[in-house]
Amino acid sequence: MVENEHLIDLNHITKEYDGVTVLDDISLYIRRKEFVTLLGPSGCGKTTTLRIIAGFETPTSGEVLFEGRDIVSLPPYKRRVNTVFQKYALFPHLNVHDNIAFGLKLKKLPRAEIDRRVDAMLDLVNLSGYGKRRVDALSGGQQQRVAIARSLVNEPEVLLLDEPLGALDLKLRKGMQLELKSMQQRLGITFLYVTHDQEEALTMSDTIVVMRDGHILQIGDPKHIYDEPANAFVADFIGESNILRGTMVRDELVHFAGQDFPCVDFGFGEDAPVDVVIRPEDIMLVGEDVGQLTGTIRSVLFKGVHYEMIIDCGAATFKVHSTTMQPQGSRVGLSIVPFNIHIMRPMERPGREG
Amino acid sequence: MSKVSQFFKRFYLGLVLFFLYIPIVVLIIQSFNAGKSRAKWEGFSFTWYEQLFHNTSIMNALWVTVSVAVLATIVSTIIGTLAAIGIHAMKKRPQAVMMTLTNLPNTMPDIVTGVSLMLLFIFANIPRSYTTMLLAHISFDIPYVILSVLPKLKQMNRHTYEAALDLGATPHYALLHVLIPECRQGIVTGALLAFTLSLDDFTISYFTTSPNVQNLSTLIYSATKLGISPTYYALSSLMFVVLLVLLLVVNKRTKEA
Amino acid sequence: MRQYMTLPWWSWLLMGLGLALFIALVALSIRRNRGIKRSLFATPYVLWIIIFTVLPCLLIAYYSLTDASGNLTLDNFRTFWDSNHIMREQLRGVAGDEIAATVVRGSVNVDTLVYSLWMAFLCTAICLLLGYPAALFMADRNMKLGATLVVLFIIPMWMNFLLRTIAWMSLLEDSGLINSLLRSLGLGPVQLMYNQQAVLLGMVYNFLPFMVFPIYTSLNKLDPKLGEAAADLGCNPWRTLYKVTMPLSVPGVISGITMVFMPSVTTFFIPRVLGGGNTQMFGDLIESTFLFSGDWNLGSALSLIMMVLILISLSILRKADPNGEGGGIA
């Protein structure tokens, strides 16, 4: 599927606005036919990165290579990439057909060819017969499809998508996620996708780039990022986590919540401060007498697939996901297998502690 | 909503409209009066309408009024639209300066605008004429065009222009085929406003034209000193009807569109 | 055709050069590919305002601070305050200080200004009192009349403003329609014209739409659910009007006040026709100073005073509507 050849290389990109650094020495590459997602909270620089590739922004320093050639000075209309904008940016004065045909008309293709390709695109996005409609008469989901069709019809090397599903409701969003992914696989186009929704990133991507404050924190495939987050921020951002301050007593033994726990990590040194990350679904509820920790259930929330319980263990509070419910106020035991305790070097953390 | 309060509201609005329309009705009636007196009805006639078309000074003034309005509208729409696009693209500080300068003529009383332009022409040693009046009209029209176009630009999705570039449009193609069509409504409103203001202007024209080149307003003004002839009533009744028909046609077309 | 081409040759040259410069700049930035600099599009306008707005304002300032032979002086402002001051100076040279001191302060100019401000205030107040309910009823969604009524308010403005004012004469004069009506009722002719009330009537008539439109626009923008919410929270219709609708229409009211007050201070023509020259307003004063007395310096000083007054009152009004939401034109 994904080819090894680098299609786009960003080398040491820095971008400043009025003295504020929004991207700080970013380097990453995108391979042909890869689905890459830039993931991060708002203001992390993900959209700026996308806009630099599209050509709407010029980096303060660094180079953007496209098939090995620097394209920094190439204006957007000469780049072989197309963008799907956050709020679609459809042309309100043109109908659906003319919106999609916009790029083709600029290429001065013959009319019949344009009509054929526009109709094929409408088919692809399940909007056959909508050509004559006004774009503002369409629903959000339909506008979204037109925006994608308008970009894809130009057969770009890379499709850049800037939070394209952000304005849709949950159900529609889930459906579009699958559709986009299958479209990408069928057409064999490289996608660069920007989102702040970690679930979206995990579902669709070949590669996820986690960003924060203009830095790249981690690059990897979804499973790797979920299972082996590089630091507490990534862990917290990708799925829910209990993040605790702890001390590495020695290799494979960590101390947190007032107890020592066996784990599988090593190489941190002795008595080193660390961050301990435990996914809520990795904590097992057991009898009060057999648990490594004991605590009182403070609250229980039904979340559909599982129950989310907040358990107070005195020295620490844990969030636990379980399919069996324990009544509020009851005493339970907590048990964590060594493999599920993730140890990370400490970093300044987002304001929250587990 | 009770019937009584509904009735009261309609009655009040009716009263206000009556107040606004009564002089117009009086004017139109008088334009058909056979006699010259404002006070006495001397029978129905088209005399004044006939005289109207033989009155060269009125016909000249009509020509001046309409041609100035058309030319001023065209020029101010072009300059104003370009200016709105330019101002929209400016950084904050220069943008604020431009907006203050754009709002200035709006807040300046017409008479001050008029005399200041008169001083300018006198200072530059330019004799007042048709052209100076036209220049004055363009000057007071441009801000209205800008103020109509600018909100449309602001409303526009910031990314629409970028989307055009992204799809391969050069900047000037995007300008002509995306930016301008999208603020078309604002441009049309601005042009209509400019035309109306220009057509009806008296004060500024009065100070910027020469006595040889009169538009309708200045002509009427000088006629009031001698006692105004009902020919003018006929003229303005005619113009009123023409504009009314135009409005109905435009309204119908926009409804169909 | 000759009368149309009366500008001196150098002004045509200047315009041509300006246009050529603009086209060259735009062409250059298009060819440079790296995205056209769109702020350049404002260049013709920038040149235009420099010549036709900034320069004239500077000229007003210049003339107001100089005398007829171009020397710097504050005499024009002194004349504004005391129209007899030049006469007194001359008398002092001829007849000595004592006699000169008997010449009282000529307060014509100041009086006219005060009178104009007072009339403008009255006109604005009446327009607001008449216009607010009208705008309120127009914006009433149950009536479904808004758009039609806006057009009905605009249409009268297409009749030439001078003629509309003259039409009031035929209604108000001694032999006019109203007096004929009164006479047939045996109430005898009443003096309706050539007084302050007639001038005020003419002003209100001309400026009322400018009060109604901005208020209507701001009321029309209000979410109708606000009224429902207020009712839901226990407001009766009067309280809703007073507590919700009126505060939210303040920007429209401010904008309406601006649009009526500013032009009414400088009204001219209306006082001449309906006031019969008995009452002069500041606009008439500026006009006659420029065109009949030919005193551009004093005229400029009067204009400058007018402008400063308006700018001050505007900045006070802006404070009440900091976002400028009222929107100038409906």
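Where is Lys33(A) found? Select it, and you land in the loop between strand S2 (20-31) and strand S3 (35-39) of chain A. Helices and strands here are DSSP runs (H or I, at least four residues, for helices; E, at least two, for strands), numbered from the N terminus.

Before moving on, some housekeeping. This is a predicted model, in which local features need pLDDT of at least 70, side-chain atom pairs count only at pLDDT 80 or more, and totals for chains, interfaces and linings use all residues. Residues are numbered from 1 along each chain as its sequence is written, while chains are lettered from A and ligands numbered from 1 in the order in which they are written.

**Stop 1**

Lys33(A) is partly exposed, with 18 other C-beta atoms within 10 Å. (Buried takes 20 or more other C-beta atoms within 10 Å of a residue's own, exposed 12 or fewer, and partly exposed lies in between; C-beta atoms are placed from the backbone.)

Now jump to Glu155(A), in the loop between helix H4 (140-152) and strand S7 (158-162) of chain A. Glu155(A) is not a glycine either, yet its phi is positive, at about 50°. With 14 C-beta neighbours inside 10 Å, Glu155(A) is partly exposed.

**Stop 2: all of chain A**

Zoom out. Chain A has eight helices and 20 strands, and its C-alpha atoms fill a box of roughly 80 × 45 × 40 Å along the principal axes. Of the 354 residues in chain A, 41% are buried.

**Stop 3: strand S9 of chain A**

Select residues 207-212 of chain A. Six of the six residues in this strand, S9(A), are buried, so S9(A) is largely enclosed by the rest of the structure. In a regular strand the side chains alternate between the two faces of the sheet. Colour Thr207(A), Val209(A) and Met211(A) for one side of S9(A), then Ile208(A), Val210(A) and Arg212(A) for the other: both faces are covered.

What does S9(A) pair with? Strands count as paired if DSSP finds at least two bridges between them. S3(A) runs parallel to S9(A), with four bridges, and Val36(A) stands opposite Thr207(A). Strand S10 (residues 215-220) of chain A runs antiparallel to S9(A), joined by five bridges; look for Val209(A) and its bridge partner Ile219(A). S9(A) and S10(A) form a hairpin with two residues between them, and Asp213(A) in the turn has a positive phi of about 50°.

**Stop 4: a five-stranded sheet**

Still in chain A, show strands S15 to S19. They make an open sheet in the order S15-S19-S16-S17-S18, with antiparallel pairing. Its edge strands are S15 (284-286) and S18 (317-322) of chain A, each pairing on one side only. S15(A) meets strand S19 (residues 331-335) of chain A through three antiparallel bridges, and Met284(A) has Ser335(A) as its bridge partner.

**Stop 5: where chains B and C meet**

Bring up both chains. The contact takes 69 residues from chain B and 74 residues from chain C, two residues being in contact if their C-beta atoms, placed from the backbone, lie within 7 Å. On the side of chain B that touches chain C, helix H1 (residues 3-31) of chain B gives the most, with 13 residues.

Next, pick helix H3 (residues 56-89) of chain B and helix H2 (residues 43-64) of chain C. Their axes come within 7 Å and cross at roughly 110°. (Axes are lines fitted to C-alpha atoms, for helices over the stretch in contact, and angles run from 0 to 180 degrees between N-to-C directions.) H3(B) and H2(C) are therefore roughly perpendicular (65 to 115 degrees). Show Ile79(B), Leu82(B) and Ala83(B) in H3(B), which meet Pro44(C), Tyr45(C) and Trp48(C) in H2(C).

**Stop 6: the rest of chain C**

Finish at helix H15 (residues 282-291) of chain C, where eight of the 10 residues are buried, including Phe282(C), Leu285(C) and Phe290(C). Then colour chain C by pLDDT, the predictor's confidence in each residue, from 0 to 100: the mean is 81, and 92% of its residues reach 70 or more. Over residues 325-330 of chain C the pLDDT is below 50.

Definitions and conventions:
Parallel < 35°, antiparallel > 145°, perpendicular 65-115°, else oblique.
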